[in-house]
Number of protein chains: 2
Amino acid sequence: MSIPAYATIETRPLGGVELGRLDAYWRAANYLSVGQIYLLDNPLLARSLELKDVKPRLLGHWGTTPGLNFIYLHCNRVIQRDDLDMIFITGPGHGGPALVANTWLEGSYSEFYPDVTPDADGMRKLFRQFSFPGGIPSHVAPEIPGSIHEGGELGYSLAHAFGAVFDNPELIACCVVGDGEAETGPLAAAWHSTKFLNPARDGAVLPVLHLNGYKIANPSLFARMGRDELASLFTGYGYEPLFVEGCEPEPMHQSMAAAMDAAVERIRQIRQQARDGGERGRARWPLIILRSPKGWTGPKEVEGRKVEDFWRAHQVPITGLDRHPERLQLLEDWMLSYRPRELFTEQGELLPELAALAPAGERRMGANPHANGGSLLRDLSLPDYRDYAVMVEEPGRTRAEATRVMGQLLRDVMRANRKRANFRVFGPDETSSNRLDALFEETARTWMEPRLPEDEHLAPDGRVMEILSEHTCQGWLEGYLLTGRHGLFSCYEAFIHIVDSMFNQHAKWLKVAGSEIPWRRPIASLNYLLTSHVWRQDHNGFSHQDPGFIDHVVNKKADVIRVYLPPDANTLLHVTDTCLRSRNFINVIVAGKQPQPQWLDMDAAIKHCSAGVGIWQWASNDQGAEPDVVMACAGDVPTLETLAAVAYLRELVPDLKIRVINVVDLMTLQHHTEHPHGLNDREFDTLFTTDKPVIFAYHGYPWLIHRLTYRRTNHANLHVRGYKEEGTTTTPFDMAVRNDIDRFHLASDVIDRVPRLGYLAAHARQVIRDKLIEHREYIRRYGQDLPEVLEWEWPY
Amino acid sequence: MSIPAYATIETRPLGGVELGRLDAYWRAANYLSVGQIYLLDNPLLARSLELKDVKPRLLGHWGTTPGLNFIYLHCNRVIQRDDLDMIFITGPGHGGPALVANTWLEGSYSEFYPDVTPDADGMRKLFRQFSFPGGIPSHVAPEIPGSIHEGGELGYSLAHAFGAVFDNPELIACCVVGDGEAETGPLAAAWHSTKFLNPARDGAVLPVLHLNGYKIANPSLFARMGRDELASLFTGYGYEPLFVEGCEPEPMHQSMAAAMDAAVERIRQIRQQARDGGERGRARWPLIILRSPKGWTGPKEVEGRKVEDFWRAHQVPITGLDRHPERLQLLEDWMLSYRPRELFTEQGELLPELAALAPAGERRMGANPHANGGSLLRDLSLPDYRDYAVMVEEPGRTRAEATRVMGQLLRDVMRANRKRANFRVFGPDETSSNRLDALFEETARTWMEPRLPEDEHLAPDGRVMEILSEHTCQGWLEGYLLTGRHGLFSCYEAFIHIVDSMFNQHAKWLKVAGSEIPWRRPIASLNYLLTSHVWRQDHNGFSHQDPGFIDHVVNKKADVIRVYLPPDANTLLHVTDTCLRSRNFINVIVAGKQPQPQWLDMDAAIKHCSAGVGIWQWASNDQGAEPDVVMACAGDVPTLETLAAVAYLRELVPDLKIRVINVVDLMTLQHHTEHPHGLNDREFDTLFTTDKPVIFAYHGYPWLIHRLTYRRTNHANLHVRGYKEEGTTTTPFDMAVRNDIDRFHLASDVIDRVPRLGYLAAHARQVIRDKLIEHREYIRRYGQDLPEVLEWEWPY
C-alpha cells in the first residue's frame, strides 16, 4: 500500500458554458440564502433596499451556507449526467438556508409547500418564513424536503448516511461533514463504517469533509491540519481522499467537478468489482476534502473587521441595520454581487437554462423518496409470535431466558424478510452476550475485514451490525429507519445512556414529522431492547448499574414514546411483535437475559399485554373481597421478588388479602389525558383501590412511579421500591437486598402498612429480620445466594 | 514529513538476568490474577486443588489481564530506572485483577488495606475478596489504589489521561486503550488531545493501544487492520507509532522494553526542546501499539475449543468445575505453569529479587499521589465575588447578562491562581458565545496548532480548553479534577446530554470514593455552567431545546449532586463562589447569557442564596396576611415571567394577596431526609402554605417539581408550568407562550385557582385572552415580541 494516497485532480472537466451556468446556479442559491436570513420583502431587489424590507431580528448561519450550496450544485451535476440516485445529508444542519434555497430552485420545495410558489411571490414567502415565528426553523429540520438529518446536534451525519445506504444498492448518500462536527466523538467513530459497507448489496456514502476553517469563535482542528496529516488520517481510516482547495470560484468549480467525477467513477468501479467480479473485501472508498473560506462570497470585511474566511462569518455577517442604516447598502451590494438579474426573470422565476441544471422528478435530492422513508416503507413479514411460546403449565415452575426466546423470534423475522432485505439488528458486540444468538442460525455479523478460520458468524452479507460504539449503532439504525426500513437495537441497559442525546434528537424529529408535516409518511419505530440490566451485573458492578434511561425517555412527548417491562418470555414475545409492527414511536423494552421463572402461558400473556396492566388473579388471594394490600410490580426481577414476598406473606399471615398487579406497559400508569396508553381514573382506582396500601416494586428509580401517578386518588398510599443507586459486584439477590426491593423487605413493607395485623406483625417482622441476617451471613461465607432463594418456586 | 513513521525496534535492551526476572514478575502477576478469579483458599497451591478451594461463582475477565500485567511491568521498569513520575490508566477497566495483583506485588495495596498483608494469608484474602460479596468490585474501581479511572464504561481513558497530565509537567500517564474501547466515539475524538498538550508546561501521555484481538464475542476492528493502515491512522492523528507484536514472552519483553525506552526517550526530547529550546509547536508524541493474544498464557484450548488468542478468553476460561471436576486439574496446571514456587516464599512473600523490580514509595503507581488527587488538592485562591456585583438599586430596573458578569469573576479566579496553575475552563467552542469572554483578558484558548495573524486568544499556554467534543471536555475535566485540580465546564444546556453517561460514571465514582474509601481524599467538585438554555435559542430551534439534564442528575445520590438556578447576576456570582469552594460534588448551574432584569442587590443575593429558597417580600403583597396564592419560580426566564405576571395581577385584581417565592437551590424542595439541602416540612409549609394554590414556574420539565415535592403537605395544590417539549425557531417570549409559562398564562393560572375572585375573574380572563391574541398577531406580523414585553420593567 502506498500512503498517503491523496490527490488534487488537475483536469478541468467543465466547458465554458457549463462552467458559467454552474456558477450562476451557485450564485442563485447564495442569493436565496442571504435573502432568507435578511429579507421580509423586496425579494428581487426590484427597488433599493429599505429598512422595512429587512427582518427586525436577523437570525441564521451564513458561514457554512455557500459551501453547502457549492456541494449541492456539484451533486446535481453528476446526478443529472449519470442519472444517479442520491440524497444529501447536511452535517452542518444550521446551514438550513442552503437546503431551502436548493430545493426551491429545483422545484421540490414548491411541490411540498404549494404556497411557496416558484416565482417572486414565493420567493418573498421563502425569505420571510425562514427563522420567523410561524415559519420554518433555521436548521435542516424535518420540514425541509430531502432531509433525514436535522444537524442541530453535531456528530451523527455520517452514521445516518451509512444507515441510509445499507441495503440500498443504488443509493449514494453525499454526506457533508463540517470541520466542527468532525471534532466530535460520534463522528470520529463513524468513519469506520466502511468496514461494514458491502458494495455488493449496499449503496455508497460519499463524504465531503468541509474544511470551512472556523467554528463559532475558533479555528477548527481539522482546518489547521496539514494536507499530509489529513491524507494520512483518512487513508488510515480506509478512504481515498481527494482534495479540493481554494477560494476562486472558477478553478474551484473545475476542481470540485473533477473530484466528483473521480469519486463517482471510483464508486462505480467498486460496485462493479463487487457485483460482477465477486470482490468480497473492504473497498477503499473515495472521500472529498473541500477546503473553502467560511462565509465564502460574503462580505470580506465589515467596518474593518475580517469576516469572510474567518469565524465572524459564522452567523449573520452584517447586523444592526436599524442603528446603522448605512449598512443597508453593504447588504444590498452583497446581494447584488450575485447579479440576480442574470439569474431570475422579472417574475422571480429561475432562468430556464439554469433550471435545466437541476435533476428531474425523484432524482431531485429534495424529492428523493429515500429521504421520506415512510413512503417506501413496507410492513415486515412477521411470523406468528405465539409459535415461540414457552410452555407454562403452572405459573412460576418453568424457567427460561426471556431474550433467548426472543432471539428465536428475531431469527425468523430475519428469515421471513431475507428477500426484502429490510431488517437489521444493531448492538455493540452484545448479540450473543444478550442471548439473541439464534439470529446466527439465519444470518451473521456484518464483517468486511479479513477473517480467520476460527471466526464464527462473520460475513460480508451478515445482517447483525456490531461495533463497540453505541453512537454508531444508534446513528446507523436511525438512518436505516428514516429511509424506510426496520430494526432493533439491543444494548446493555446502563450504557444506553451513551445515546441519550441522540434519542432526544430522534424523538424530536418524530414529534415534528409526525404531528406537523403531513407529507412525511410514518416510519418504523426505533426499538430498543435493554437487557443485561441493573439487577444482573454479576460479572461487572456499579458502573454497569443504571436503569435511568426510562426516566430520560418519558421526558419526551407521549405521542412518540412507549416503555415496556415484560416480566417473562411470553410477554416479551408479545411486546416484541407489537413494537415491530408499530410506527413513529420509540419503543423501550427492558427484559433480562438470565434464567427466570415464567409466569404466564401465551393466552394469559396476550391478555395481559393487551391491557398493559392487570391483576394477577392466580397470585392474589383477595378474590371476592377488598384486598388489605396491593402488591404491584414492573420488571422481571421486581416481579419475581414480589411474588416471592406474596408467597411468603401468605404463609406467614394467611388471612391477609393480597392483590397482585403487574405492569407491562409502564405508560398505563399515567393519566389517559397525558399518555394515550394511560388508564383513566376509574380504571386506575379499580385496580389500585382508592385507600389501600400499595407496595410497588419497580425495575428502575422508584420516584418515576411517583411522577407517573402523583395525581391518582390513592397516591398517598403508594410506597415504591426500586433501584436507589446502591450497587457493586455482588450476587443477584444481594443487589435486591441492598436496594430494599427483595422479597423480605417487600414483605416487611406490607407488614408495616397493614394496621390490622396486630400481634402477627411482630412475629412476622422477627422472622423477616432473621431471614435477612441469614442472607447476609450466607453470602459473606459462600459468595452465593441462599439456596432457598436460588431454588424458590411459586408454591400455589 | 515521511509517513508512515512507524517502527518495530530491533534492539534487545534486556540482559539475561533482567529478562528472567521481568518474566518472573509477570508470571507472579498473572498467577495472582488467576487466583483472584478462581480461589477461595489454598492460594499458594501448597496442596492439590480441591473443589472447596474454588469460588462457587466464577466472575471476572481474564482476557485483557495478562496484557495489562505485561504493560504495568514494563512501566515499572522505566519508572525505576529513570525515576519517572508515572500513573497507569486502565482503559480495559474490567481487567481489575491485573491492577489488584500489581499493587499488591509492589506493596501499595497492603498499605491502603493493611488487612491484606503481603504474605500467604493476605494472598488468600486478596483472592477471596475479588468479585465477592462484601469484597471488591471486578473493575478498576475507586477501591483500587492508583486508579483514577474505573473503566467500566468504555471510551474515556485517553481523555482522563490527558486531563491528568495538564499542568503536571513531570507526570507521565501511561494509558492503556483496549481495541474494544478504541472503537468508541469518545476515544476516537480524544486522540486529538495532543493538539492541546503543551510540552513546556504539561506532562505526557503514553498511550498503549492494546490490540488484544477480540471483544466479548467478536474480533475488534483495530486488531484486523493492517500495520500500514494503523500506522497511517495514528500518524494522521499526530503520533509516532511504535509496534510491539507477538506472543512469545522473551522476544515480547525485549520488544516492549525497546519500545518503552524509545517512547520515554522521545518524551524526554520533546520536553527538552520545548523547555530549553522554546519549541512552541505541537509535538509528535510516541504511541505504542501492542498486539498480543487475548488471554495470553492462559489455556490454549478447553475441551477442544480454542481459548487463548480468541474471544472465548474474555471472561472465565474454565468454568463448571463443580459439574466437571476433571477441570480442576486444568486449572491447577494453568496456575502451576506460572511456577509459583519460583516466585513466592513458602510464606507467600514475593521473592526479594523480584520485589526489587518494583519502584519504591510514591513512585509505585499504586501509591502515586496524583492518583489520589485530593491528597494534592490546594484550595483555589478566590477573589471576593461581591466585588463583581451588579448595582441593583431597585429590583427589575437594571439589565445585565449574568454569564458576562460571571466571566469577570472567572477571569480573576484564573488570574489569582496563575502561579499555582490549577484552574482551567472547558467547553466546546462556546466560551465567547456563552459570554465568558472576560477570561480572555487574562488567558487564551489552549492552541498548539499553527496560528494565523488574525487569530485571537489562541496560545500554547492558554487555560481555556475548547474542542467541539463534549466528551473530550468532560473527560479532560474529570482527569484534571481527579488529580487534584479545579475546573468548570460551560456548555449549551441541550447538549450536555451528550455526556449523560459520563456524568453517571463520575457521580458513581464520587459516591463510592466519598462514602466508602477513607483513604481517598476529597477532590474539587465538577462544576457545570449550563447556558444558552432552552428558553433562548433564537438562532437555533427545537434541537437546541432540552432542559432535561437536571432530571438526569437528580437520579444520582443526594450526597454528590447539587443543582442551582440563579435568577440573576448577583445570585450567579454567589453560587459560582459556593461551587468553586465545594468538594466531591457535581454542581449544576443553569443561567442565561442574555440581557435580563436584575432582581437582587448583593446583600439580598447572599441572603437568598444562603437559604437557597425564600419569599421575595418586595414582590409580594401578602405582608401580614395569609396569601391567596403563592407564585413560585426557579430559573431566570420563569422568574421574569412570574414577576411580570405578579405585576400584571396586582394591577388587574389589586386586592389579591400574592406571595412570591424564588428557588435558587433546587434541592431545597426535596425533603431534608432525602437531600442534605432539603427543607423540613415545617419550613416548607411556612413558605408554601398548607392549603393555598401554588403556581410554580420552573425552568425545565414541570414534573420534576412534582417528583421533588410529592410528599409535601400542600402538594395537591401545586400547579407547575415548565418546558413541555414545545419548541421551534421563534421569539423568546413566544417560546414561553408555547409552553404556557408566559406571564399571561401564569396570571390565568392564578385566576383559575383563586375561587374568591368572582366577577373580577371573568374580566381578567378576557383581558388575558386579548393579550395572547395580540401577541400572536404581533409576532406573526413583525417577527418580534410585543414592545410591552421587550421593554417591561418591574413597576413597584
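These are legends for close-up views of a predicted model.

Residues are numbered from 1 along each chain as its sequence is written, while chains are lettered from A in the order in which they are written. Because the model is predicted, local features need pLDDT of at least 70 and side-chain atom pairs count only at pLDDT 80 or more, with totals for chains, interfaces and linings using all residues; side-chain values use heavy atoms, leaving out hydrogens and water.

**View 1. Helices α22 and α23 of chain A pack in a roughly antiparallel way.** Here α22 (residues 743-753) and α23 (residues 759-782) have axes that come within 10 Å and cross at roughly 160 degrees. That angle makes the pair roughly antiparallel (over 145 degrees, on a scale from 0 to 180 between N-to-C directions of lines fitted to C-alpha atoms over the stretch in contact). Helices are DSSP runs of H or I with at least four residues, and strands are E runs of at least two, numbered from the N terminus. The crossing is left-handed, that is, the near helix is turned anticlockwise from the far one by less than a right angle.

**View 2. Here's who touches whom between α22(A) and α23(A).** From α22(A) come A:F744, A:H745, A:A747, A:S748, A:I751 and A:D752, and they meet A:A761, A:A764, A:R765, A:I768, A:K771 and A:L772 of α23(A). Contact means heavy atoms within 4.5 Å. Sorted by class, that's 7 nonpolar, 2 polar and 3 charged residues (Ala, Val, Leu, Ile, Met, Phe, Trp, Tyr, Cys and Pro are nonpolar; Asp, Glu, Lys and Arg are charged; the others, Gly among them, are polar).

View 3. A:K511 is buried at 6% relative accessible area, while B:E726 is partly exposed at 22% (buried is under 20%, exposed over 50%, partly exposed in between, with a 1.4 Å probe and protein chains only).

**View 4. A:D202 pairs with A:R201.** The closest N and O atoms of this salt bridge are 3.7 Å apart. A:D202 is buried at 0%, and A:R201 is buried at 14%.

**View 5. B:R47 and B:E50 meet in a salt bridge at 3.6 Å, N to O.** B:R47 is partly exposed at 33%, as is B:E50 at 36%.

Conventions: Parallel < 35°, antiparallel > 145°, perpendicular 65-115°, else oblique. Salt bridge = Lys/Arg side-chain N within 4 Å of Asp/Glu carboxyl O.
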